[in-house]
Structures are given as C-alpha cells and as structure tokens.
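User: Hi! I am new to reading protein models. Could you walk me through this one step by step?

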Amino acid sequence: MRAGDGQVRLLYQPFSEWLKGVDHAQLMQKSREAEMLFRRVGITFNVYGEEAGAERLIPFDVIPRILAANEWRQLSAGVIQRVAALNAFLNDLYHDQEIIKAGIVPASILENEMYRPEMQGVDVPGGIYAHIAGIDIVRTAENQFYVLEDNLRTPSGVSYMLENRKMMMRLFPELFRRYAVAPVEHYPQVLLNNLRAVAQPGVHDPVVVLLTPGAYNSAYFEHAFLAQQMGIELVEGQDLFCRDNAVFMRTTEGPKRVDVIYRRIDDDFLDPLAFREDSMLGVPGLVSVYRNGGVTLANAIGAGVADDKSTYTYVPEMVRFYLGEEPILSNVPTYKLENPDDLKYVLEHLAELVVKEVQGSGGYGMLVGPTASKQQIEDFRARILAEPDNYIAQPTLALSTCPTLVEQGVAPRHVDLRPFVLSGKTVTLVPGGLCRVAMREGSLVVNSSQGGGTKDTWVLNGDKPC
Amino acid sequence: MLSRTADHLYWMARYIERAENMARVLDVTDRMSLVANSAYDEAARWKPPVLIADDVAVFERDYGSYTAENVMHYMALDERNPSSIVSALNSARENARAVRVAMSSEMWETVNALWLELRQRIRLGLREADIGEFCDWVKSRSHLFRGVTFGTMLRDDGYKFVRLGSFVERADNTARLLDAKFQLLLPNEDPAAEVDYYEWSSLLRSVSAFEAYQKVYRDTIEPTKVAELLVLRDDMPRSLHACYDELEPILEQLCRQPGCECLRLAGENHARLHFGRITHIFNSGLHEFLQDFIARNNALGIEIQRAFLNSPD
C-alpha cells in the first residue's frame, strides 16, 4: 500500500481516506458478518489430517488488494505468454520433442513421474493441454513481478475470487463508488465457452461435465459451485461409463454422451485400468477413449510434467524457444539441489533460503529459512542430504504487503496472487485472481492449509482510482 | 438428470417421510399407553411399532422384551436400527449433502439444520419423558421440509423425484400402520365401547385424520369407516388413494419411453384404490388386501429404482 518512501500510493489514497472514517469495531463487525455468510452458504474446505468431516472456513480479509490497470496489463500479458509457451512445450514434449533435441531441456525430463508415456503421440484438440492454469505470482516492487509456481493440473481457488467479490460488494458498496473495479463475474461463462470450444472436431452442441472426486474432497464446494454457475452436470466417476469409444453419463432418461470433461481428479485416479488400480474415483476405460479421441479432458493427462518445480527453471527458455519472445515475467532464481554446486551453496545458506520439495504442494514439506528455528533447519538439512534430487531452493523475496485487518487494527501482511489463465480458441483471463494472504506477522506462507487467508483483488479500469 | 442425483433426492425424501411416520406411530403408542386398559398388557401395546417396521426378529434378539423403554429406544434412537428415526434422519442428510446443488439452498439448510439439532439433542440425552416432544419436533421439521420444498424448489425432474420418494414411502407407511393396528384391535370380541373409541381415535390421530373423520362421517368411529378413510378416500392426504393420485401423474411425466413398467404398475395400483369398495375389501380380508398392497407398492419402488435411479450401462 505504501511506496518505498512511506507515502500512501496514489492507488490506495481513496481507500485510506475511507478507512479514516471507519473504526476498528465496525470493520471487525463486517468481518464477522462475512464469516457468518460464508458459513451459511457452506463455503468450507476440509483440512487433510484433521478429524474426518471437519469443515473449516478460509479466513477472509475484508480489505481488498488493489492493482492499477498498467500493472495488470503487464502481468496479464506475462501470464498469457507463459501459458502459451507451456502449452507449446507440452505439445512438443508429447510429439517431436524438439526442445530436447535442441538441448534446452534435458532428456531426463522423460523420467519425471508426471510425464505420461501414454500420451506420447496423442493429438489433443487445439494442441491445448493446460486449459485452466493458475500462475502464482508475487510482486516485489512497482511493476516487478515474479512467478513462484505454475499450476497446470487441477488448480483450485477460483471460487474464492468470485465469492470474495460478491461479498465485498455486499459489505462495502460505497467503496465500489470510489473505485472503478473491473468485473470478474463472467469467469464461468468464459470457462464454459472455452470448454465447449475444445470438443473433438465435428461435435455439435457439445455436452460438458465437471468430474469431482465427491463430497469429501477438500475442494468439493468449488466443484459444486462452478458446475452450478456453468449449468453443467457435476458428476462422479460412478456416473460415467465407457462404451464404443465414447463416454456416457447415467441419467434418468438413459445413457447420455459426454464430449468434454472438466476433471478435478488427479491423473493417478482417473482410470483404474490405466493408472492406480485401487482408484474408486475414476472411470474404467476413460484413458483409452481419450487417447482415441472419443472425449476431451481438461486439463489433459500429463500436463503435470510442465508444472513440476524442477521443470519450472526452464520456462523462460521455453518462451524464447517456442514464441521467439523475451519473457515478460521473471522466474525466481532457483537452485536445483541435484547440482553439486547448488547443493553446496544451499547447505551453507539454509537460514536465508526457502527450500521446497520438487513435487510438494500446499505449503507442506517446505523450509522457510529466515523464520525457521535452528532445530528445524538441522532437521531439514538431514532430509536434503538423504535425497537432494527431491529439493529446490529459492531466495526469500521482499514480497509486497497489503493492509490486512488483524486483532490490533490494520497491519501489513504478505500476499501473493493466482490469476487463472483460460486457454481455448484464445488464451484469456478475467481481471483478478485468488489473492492469498499470510495472516501471521512476517510469515511468507500463504497456503490455506497453513492458516493463510484470502482477499478480493481489484484490478482498476485505469491507473488512478476513478 | 443424473441418475445418482435423482437417487439421492428420492431417498432423501423417503427417509424424511419415514422418520415422520415413525414419529407418528411412537407418539400415538406412547399416548395410548397412558389410557387405562386391561385388554392389552405392555408387550401387546408396544409390539405394533416394531411390527410396522418389520424388525421383530432383530428386536427380540437385541432387546428381548417389548417394554416401552426398549421399543422407544430401538425405534427412535438406535443407530444400529436402519429404520429408527435417528438413522432415517442421518440417511436423509447424507443424501442431501451429496446433491446439495440439485435442490434450493433453503432445502439444504433445512435438512442440515434438522441434522445439526438432532446431534445436539442426542448429545444432551433424550429421556423417556421427552419422547412426545421429540416426536412433535420430528413431525414439525418434516412439515417444514415439505413446505420449503413446495415453496422454493424449481419444478424440474429433481422436484418430481422428491415427490415420488415422499409418496411411495407414505403409501407404504400408512398401509403398515393400518395393518398392524387392525391386527391388534379386530380379534378382540366385544371390548368395552369406550376403550374401542380411544383405540380407533388414536389410530386416526396418528395419521392426522381424527378431525377429518368427524367431518366426513359425523358418526361414531367404526373400523370399516376408518379403513375406508385411510385406504380409499382421495381427499384424505395420507390415504393410500391420495398417495397414488399424486404418484401416477408424476410417473406419466417421467416415463418418456412407451410401455414403461413403472407407469403400468402405478396405474394398476391406482385403479384398485380408485374403483375399490371397502365392503369388498373387508369380505376378502383387510389384512390380505394390505399385505398385497404393500408388496405391489414395493414392486413399484423396485421398478422406479431400476428404470431411473440405477440406470444400467
């Protein structure tokens, strides 16, 4: 909110003015009202490892994060470019592997667990693998953005972008008169149009469904919400079956052909005949039908190889290789601990670095050096030495903060942003995203499973408030 | 719509209806046990609820004797008993949770609130003295659910499956209740007239039909008229005939293929109720008629399940 010199940035001035007229008790009251509304609607998630069926709310912060139009233009051009390159990379990797032949990405990538040999040589409609991509971004200074991570499998959180906006308009309508905020509510329509556009050629009026693992999945609310918003069926594996190189859903009027499956189930659980045999969530035969072009899956099987933390370091090169452009967004410098030099450096600087598991997610299995205890650092050192290939390390960035409502008042907290990039006929995104905030002072971990909260993100129509 | 969605909606409605009817039976049995009557001992008095639920063998194995306390616990609270009120309400909520976006948010909130309050009541401990109030609560929550459904749910196929579940279950429950009570009451030759009055009026009250009887017949309570009211009268909302008046048109809309077996079964059952005479039914035996009806209604339930809910590959 404040620039380097401590002045309130122009962007936040009307907000700052407004805040002077509102006391802490009123804000806390609004915050409780929001919590009550979220609970009633049932916007909850299940935390793995807690008592079965424990339904929790993600803390919602009533103070928005504000981005100017020029910042958004740069950021959105950057993520669109990045996702275009990632899709080109996946298409190449599963076909001619030019990028390996060119020596840019090592052939060892084919040994990555997320690489799916079943997909080699399979054509997918439009050559699109990551139809929905969530790109995690942090801002370190004016117009300076870094990509932390690409999420190309089944990225979640978009329901919070939509519900948070609805909540803010309900709680603080007067703020929307002070700011010209670009709308995000059309996201489900854009998504539906894109999903329909990637049906196999020749299908008229394609039937799209959303495949969920079921009511006990941590993101079930989001699955139900998106299906409802798009007006499509929310199906479980047991509702689908394969016959004659096609997928059908069981309806009260008999079997009905399905053309596009927006799946929110990981590759491993999609089809017990192709992947994990013990999966009760999947559809037997689905992979075979998919490979033969009988149905479209979004995202494609095998997209995960491109969002692996060890692949991440090659993305800027992919942009140059496939698009012939300079990357707009930077990567965070990353040490790969499989390299002896990197390993040596990291072990000497553990207290300054963030160390992550290559395939970890949700903030589990990571070390944040500057806030870790000596004991935690030593424990982690032992884990790294046991299996260096399994880790990468990055410097801690001077993440920007955003004013956040806490018990004592309004205080700065670190934030990140996950815009959702949609690829169909074109690559687009709605102006906004999931803004996650670390609720603890000084913390850099924003994951909801680690106590992080969310905020509404306001992209302004101009570079000034109104 | 998805078969699984229809299945959850159908069974959610059936379980709520079942809980309500069980509450009705327990409530009336409890009240009648307060009326001094030497004709029935405690066991004879408390056996019918278990008979109605078709659970005699399991009950005798687990509980032994038909005391008020045993039967109330078994029928209201025992989670091992799949037909207890608590089990039925648990199942209703599980079904609702799986398809919450297929119904209105008010319906989901009603079922969820019902379940949350049930857990609360169980935690606080339910005593024998509270059974009457508990049964009233179950009935009123069922009424609320029905009203919320009627007032807020889109009239799509989902709505039809909710209604279908309610009426298939209600027809079954009313027939079982009638059968059990008649078996208890009719063999008694020459019981004192005032005792008879209480017995028959309690049966009517258990299906909210006492005032209706007075309005329709303006006469002393006679077994044949009680049976006629609950079997054949189409204006009595819990009668078998009224249930089939609702069921048949719903199936006419849902059966989109010619020669639908559901529709044939429903039509046949409906015709027997529509054109039946109570004197004929009594001549050939009410018990036989009701047993036959329960089997036919059950056959319709199985056919609905087959045709719509577990749609085969």
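This is a predicted model: local features need pLDDT of at least 70, side-chain atom pairs count only at pLDDT 80 or more; totals for chains, interfaces and linings use all residues.

**A strand and its partners**

User: Which strand pairs with β4(A) over three bridges, and in which sense?

Analyst: Let's look at one bridge to begin with: Gly134(A) has Phe420(A) as its bridge partner. Phe420(A) belongs to β20(A). The pairing runs over three bridges in the antiparallel sense, and the partner is strand β20 (residues 420–423) of chain A.

User: How many bridges join β4(A) to β5(A)?

Analyst: Strand β5 covers residues 144–151 of chain A and runs antiparallel to β4(A). One facing pair to find on your screen is Ile137(A) opposite Val147(A). The number of bridges joining the two strands is seven.

User: Which residue in the turn between β4(A) and β5(A) has a positive phi?

Analyst: The two strands form a hairpin, with two residues between them. In that turn, a phi of about 55 degrees belongs to Asn143(A).

**The parallel sheet**

User: In what order do the four strands of the open sheet in chain A stand?

Analyst: This sheet has parallel pairing. Its edges are β7 (233–235) and β12 (296–298) of chain A; each has a single partner strand, so one side of each is left without a neighbour in the sheet. On average, neighbouring strands are turned by 30 degrees against each other, direction ignored. Reading across, the order is β7-β6-β11-β12.

User: Which residue is the bridge partner of Tyr262(A)?

Analyst: Strand β11 (residues 260–263) of chain A pairs with β12(A) in the parallel sense, over three bridges. The partner of Tyr262(A) lies in β12(A), and it is Ala298(A).

User: Which helix packs on the sheet, touching β6 and β7 of chain A?

Analyst: Look for a helix spanning residues 220–230 of chain A, which touches β6 (208–211) and β7. Its direction makes about 150 degrees with that of β7(A). The helix is α8 of chain A.

User: Is Leu210(A) buried or exposed?

Analyst: Leu210(A) lies in strand β6 of chain A. Among the residues it touches are His223(A), Leu226(A), Leu234(A) and Tyr262(A). A residue counts as buried if 20 or more other C-beta atoms lie within 10 Å of its own. Leu210(A) has 23 other C-beta atoms within 10 Å, so the answer is buried.

User: How far apart in space are Leu210(A) and Leu297(A)?

Analyst: Along the sequence, these two leucines are 87 residues apart. From C-alpha to C-alpha, the distance in space is 10 Å.

**Chain A as a whole**

User: What radius of gyration does chain A have?

Analyst: Here is some background first: chain A has 13 helices and 23 strands, and its C-alpha trace spans about 65 × 60 × 50 Å along the principal axes. With 466 residues, a compact globule would have a radius of gyration near 23 Å. The value for chain A agrees with that: 22 Å.

User: What share of the contacts in chain A with a separation of 6 or more comes from residues 24 or more positions apart?

Analyst: Burial gives some context here, as 42% of the 466 residues of chain A count as buried. Among contacts with a separation of 6 or more, the share from residues 24 or more positions apart is 69%.

User: Which helix gives the most to the side of domain 1 of chain A that touches domain 2 of chain A?

Analyst: Domain 1 of chain A takes in 10–332 + 397–459, while domain 2 covers 333–396. Their C-alpha centres lie 26 Å apart, and 15 residues of domain 1 are in contact with 15 residues of domain 2. With three residues, the helix giving the most on the domain 1 side is α10 (residues 309–312) of chain A.

User: And where chain B touches chain A, which helix of chain B gives the most?

Analyst: In this contact, 14 residues of chain B meet 18 residues of chain A. Two helices of chain B, α1 (3–32) and α5 (85–98), each supply at least two residues of the chain B side. The one that gives the most, with three residues, is α1(B).

Conventions
Residues are numbered from 1 along each chain as its sequence is written. Chains are lettered from A and ligands numbered from 1 in the order in which they are written. The radius of gyration is taken over C-alpha atoms; the globule rule is 2.2 Å times the number of residues to the power 0.38. A residue is buried if 20 or more other C-beta atoms lie within 10 Å of its own, exposed if 12 or fewer, and partly exposed in between; C-beta atoms are placed from the backbone. Two residues are in contact if their C-beta atoms, placed from the backbone, lie within 7 Å. Two strands pair if DSSP finds at least two bridges between them. Axes are lines fitted to C-alpha atoms, for helices over the stretch in contact, and angles run from 0 to 180 degrees between N-to-C directions. Domain bounds come from an automatic or database domain assignment. Lists of a residue's contacts leave out its neighbours within four places in sequence.
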